Amino acid sequence: PTASTTVRKVQYGGTVSAGQPVALSSGKYVAADANASSTMAAAVGIAMTPGVSDGYGIIAVSGSVILVGTTMTVGVSYLASRTAGGIMPDADKTTGDYVTRLGTASTTTQLDLSILATGIQVP
């Protein structure tokens, strides 16, 4: 995270890897999944630390995050993916996906968070 990044300590409800978008499910945070349900697609942050079920971790909820191992296109908006815990460019959304915007790439590895869970499902 950068100096302007807001983070929160949370309890995970499943295995989560650093860099994965997470959603709140039954009071715990799990890997977001755009085609599971509107609730599971409603990412609220990006995991900064990995964790396991009932373990604690840190998520970024605003600001900028560096996504190690991810190559993004500058200026492109990224969404929670239909693969649990993944991210995808806006252009990759498809029928059945619930749209949750995570943010916009400001560099090829940095995502400026502006999370918005729309609840809208692509027809």
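**Notebook: charges, rings and cores**

I searched the whole structure for salt bridges, counted where a side-chain nitrogen of Lys or Arg lies within 4 Å of a carboxyl oxygen of Asp or Glu, and found three. The model is predicted, so I kept local features only at pLDDT of at least 70 and side-chain atom pairs only at pLDDT 80 or more, while totals for chains, interfaces and linings use all residues. Residues are numbered from 1 along each chain as its sequence is written, and side-chain values use heavy atoms, with hydrogens and water left out.

I looked up K28 and D54, whose side chains meet in a salt bridge at 2.2 Å, N to O. K28 lies in strand β3 and D54 in the loop between β4 and β5, so the pair ties together parts that are 26 residues apart in sequence; helices (H or I, at least four residues) and strands (E, at least two) are DSSP runs, numbered from the N terminus. K28 has a relative accessible area of 25% and is partly exposed, as is D54 at 42%; buried means under 20%, exposed over 50%, and partly exposed in between, with a 1.4 Å probe and protein chains only.

I then turned to D97 and R82, which form a salt bridge at 3.1 Å, N to O. D97 lies in the loop between β7 (87–89) and β8 and R82 in the loop between β6 and β7, so this pair links parts 15 residues apart in sequence. D97 is buried, at 1%, whereas R82 is partly exposed, at 29%.

I checked D33, in the loop between β3 (28–31) and α1 (38–41), and noted that D33 is buried yet has no salt bridge, the nearest side chain of opposite charge being R82 at 7.9 Å. For charge, Lys and Arg count as positive and Asp and Glu as negative, with His and the chain ends not counted.

Of its 14 residues, V65, L67, M72, L111 and L113 touch the most other members. The strands β4 (43–47), β5 (56–66), β6 (77–80), β8 (98–105) and β9 (110–121) each supply at least two residues of this core. Apart from it I found another core, of eight residues, among them V10, V16, I59 and V61.

Finally, I noted that K9 lies over the face of Y56, at 5.3 Å from the ring centre, the criterion being NZ of Lys or CZ of Arg within 6 Å of the ring centre and within 35 degrees of the ring normal.

Definitions and conventions:
Core = buried A, V, L, I, M, F, W, Y, C linked by side-chain atoms within 4.5 Å.
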